[in-house]
Amino acid sequence: MTLVAGVDSSTQSCKVVIRDAATGALVRSGRASHPDGTEVDPAAWWGALLTAFADAGGFDGVEAISIAGQQHGMVALDADGRVIRDALLWNDTRSAQAARDLIDEVGAEAYSRRTGVVPVASFTATKLRWLRDAETEHAARVAAVALPHDWLTWRLRGYGPAGESPLGPVLEELTTDRSDASGTAYWGADGYDRDLLVRALGHDAVLPRVLGPGEAAGRTPDGILVGPGAGDNAGAALGLDAAPGDVVVSIGTSGTVFAVTDSPVADPSGTVAGFADATGRFLPLIATLNAARVLDATAGLLGVDHAELGRLALEAEPGASGAVLVPYFEGERTPNLPEATASFSGLTLANTTRPSIARAAVEGLLCGLADGLDAVRAQGVEARRILLIGGAAQNPAVQLAATQVFDVPVVVPAPGEYVADGAARQAAWVRSGRRPTWPIDAGARMPTDTRPEIRRRYAEAREAAG
Ligand SMILES: Nc1ncnc2c1ncn2[C@@H]1O[C@H](COP(=O)(O)OP(=O)(O)O)[C@@H](O)[C@H]1O
Ligand SMILES: O=C(CO)[C@@H](O)[C@H](O)COP(=O)(O)O
């Protein structure tokens with residue numbers, strides 16, 4: 001049996017799936033945790049990747065590997081291939097002012113035309129501008145800029161600082177793919193936009209070579225083929241084999257809403273990011289900063305686990321008897337309110353109950369994603385069904401409330417690691433030269449039961465909070 005491996009190096013953990021390249025059958029899997037926080041030493045991701053592979057029974061029999069990863073994170077390398085400072089992650093909002101400065105200088109319309117995106121604090125370019133302004137000496141030392149999956153792919157191929165890697169710090173060997181490059185805000189249809197990179201960082205630097213969907217990055221020192229990898233959302237779209245009419249809603253650390261399209265999207269308002277996908281097409285996407293961890297925080301507040309939180313939420317009426325949570329605990333990206341905080345409203349003595357609070361948390365995070373779905377559709381994307389994935393999608397209350405908040409049928413695919421699966425599909429593609437046609441357990445379609453009053457009340461509370 002020929003085996004291929006896919007990795008999801010995401011915000012909270014690293015997951016590995018090892019599959020039969022011919023049938024797609026899952027053979028082994030493993031995982032390891034990542035540290036908390038919005039700035040992380042990339043060495044922790046490398047350690048977690050090795051631990052997750054060990055948990056999955058090691059590399060034995062694996063012929064090809066691809067790594068998908070959390071998008072946008074800034075991995076700044078010096079000329080010796082050393083990481084200059086902890087990576088700033090996609091959910092670190094300290095670069096909010098840098099984003100505004102870049103837009104003032106370049107213009108939102110020009111950014112959208114040149115890169116498909118308008119800077120928000122998540123994107124790599126804004127983190128580089130923050131580095132230039134706040135840590136001038138660090139910025140001056142930057143010789144190369146990579147994204148999390150680029151850096152891990154480079155390390156897997158044996159590159160890295162002298163003494164810590166067999167092949168040493170060959171910066172020109174850094175690689176990436178279209179999907180992750182498209183989240184930098186200095187890459188567009190014509191490749192890297194060096195003017196925008198220099199505007200952000202203050203000088204030019206080595207950037208990873210952008211590989212095509214089935215193009216190999218190289219091999220590991222042990223001879224395993226290494227694929228180009230992808231941003232995690234593009235990885236999930238590939239893992240789900242998302243087709244026209246499918247909109248993926250992922251509820252992990254981030255909340256994301258995205259679809260695969262044949263034509264690029266450029267939204268000068270910046271709400272929808274015009275990313276590329278992992279197959280040569282495009283991936284219009286909105287992302288929220290407040291998703292599964294809204295439920296983690298609410299479960300902590302109520303002193304319960306996820307199962308009990310779900311049970312409580314299902315005990316309450318749809319609409320939480322008027323209690324509304326606008327869940328901007330981490331600031332927010334969609335809408336772009338990086339300095340915002342969360343607020344409860346509509347509380348009365350009657351609805352200040354554990355079930356209503358649990359229900360309001362579930363509905364609040366979903367309403368933010370429903371607003372995002374409206375924005376994606378406004379770009380001409382057709383939504384015939386929602387594929388609900390990510391850690392929190394396994395919660396029965398989230399699944400039921402999704403049928404009440406969205407006006408499109410919801411499908412919950414069988415529990416799985418769809419980002420890592422997409423990476424495994426890519427590894428099989430690179431190995432054989434053909435995109436695999438592995439079957440997917442699409443899950444049952446849940447009947448739509450839209451309750452417009454949930455979104456109406458949420459919209460009122462959101463306006464009051466914004
Ligand atoms: N049954 C559940 N109900 C609610 N949240 C859950 C449940 N299971 C996992 N989660 C949450 O989902 C998140 C992890 O989801 P995941 O998609 O793996 O995230 P990421 O890819 O961003 O690391 C964690 O915040 C975790 O607490
Ligand atoms: O910022 C984005 C997409 O633009 C996030 O989706 C990150 O890619 C992190 O994803 P998760 O770790 O939450 O899956």
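Guide: Let us start with a record. UniProt, in an unreviewed entry, places "domain: Carbohydrate kinase FGGY N-terminal" at residues 4–223. Such positions use the numbering applied here, feature names are shortened, and annotations may be inferred rather than shown by experiment. This is a predicted model, in which local features need pLDDT of at least 70, side-chain atom pairs count only at pLDDT 80 or more, and totals for chains, interfaces and linings use all residues. Residues are numbered from 1 along each chain as its sequence is written, chains are lettered from A and ligands numbered from 1 in the order in which they are written, and side-chain values use heavy atoms, leaving out hydrogens and water.

Over residues 4–223 the chain is 32% helix and 24% strand. Helices (H or I, at least four residues) and strands (E, at least two) are DSSP runs, numbered from the N terminus.

Now look closely at strand S5, residues 62–69. Is S5 enclosed or open? Seven of its eight residues are buried, so S5 is largely enclosed by the rest of the structure. Buried means under 20% relative accessible area, exposed over 50%, and partly exposed in between (1.4 Å probe, protein chains only).

Which strands join S5? Strand S1, residues 3–9, runs parallel to S5, and seven bridges join the two. Two strands pair if DSSP finds at least two bridges between them. Ala5 has Ile65 of S5 as its bridge partner. Strand S14, residues 225–226, is also parallel to S5, with two bridges. There, Ala64 has Leu225 as its partner. Strand S15, residues 230–231, is joined to S5 by two bridges, again in parallel. Ala68 stands opposite Ala230 of S15. Strands of a sheet pair through backbone hydrogen bonds, either parallel or antiparallel.

For an antiparallel case, go to strands S2 (residues 13–20) and S3 (residues 26–33), which seven bridges join. Ile18 has Arg28 of S3 as its bridge partner. S2 and S3 form a hairpin with five residues between the strands. In that hairpin, Gly24 takes a positive phi near 85°.

Two residues deserve a stop. Asp41 lies in the loop between strand S4 (39–40) and helix H1 (42–55). It is partly exposed, with a relative accessible area of 38%. Asp41 and Asp86 are 45 residues apart in sequence, yet their C-alpha atoms are 4.5 Å apart in space.

Arg178 is in helix H7, residues 178–181. Arg178 is buried, at 16% relative accessible area. What does Arg178 touch, not counting residues up to four places away in sequence? Its contacts (heavy atoms within 4.5 Å) include Trp187, Val210 and Leu211. Ala276, Asp277, Gly280, Arg281 and Phe282 are also among them.

Those last names lead toward a second record. UniProt lists "domain: Carbohydrate kinase FGGY C-terminal", also from an unreviewed entry, at residues 248–429. Over that stretch the chain is 37% helix and 19% strand, with end C-alpha atoms 22 Å apart.

Find the open sheet of seven strands, ordered S18-S19-S17-S16-S22-S23-S24, with mixed pairing. Its edge strands are S18 (273–276) and S24 (445–446), each pairing on one side only. Inside that order, S16 (residues 245–251) and S17 (residues 255–258) run antiparallel, joined by four bridges. Ser250 stands opposite Thr256 of S17.

Helices pack too. H10 (residues 292–302) and H12 (residues 354–378) meet at about 170°, with axes 9 Å apart. Axes are lines fitted to C-alpha atoms, for helices over the stretch in contact, and angles run from 0 to 180 degrees between N-to-C directions. H10 and H12 are therefore roughly antiparallel to each other; angles over 145 degrees count as such, those under 35 as roughly parallel, 65 to 115 as roughly perpendicular and the rest as oblique. Val294 and Leu295 of H10 are among the residues making the contact, as are Ile357 and Ala358 of H12.

Finish at Glu339, in the loop between strands S20 (324–326) and S21 (343–345). Glu339 is exposed, with a relative accessible area of 57%. Leaving aside neighbours within four places in sequence, Glu339 is in contact with Ala96 and Arg100. A polar contact of 3.4 Å joins the side chains of Glu339 and Arg100. A polar contact is a pair of N or O atoms within 3.5 Å; within protein, one must be able to donate a hydrogen and the other to accept it, and residues adjacent in sequence count only if both atoms are side-chain atoms.
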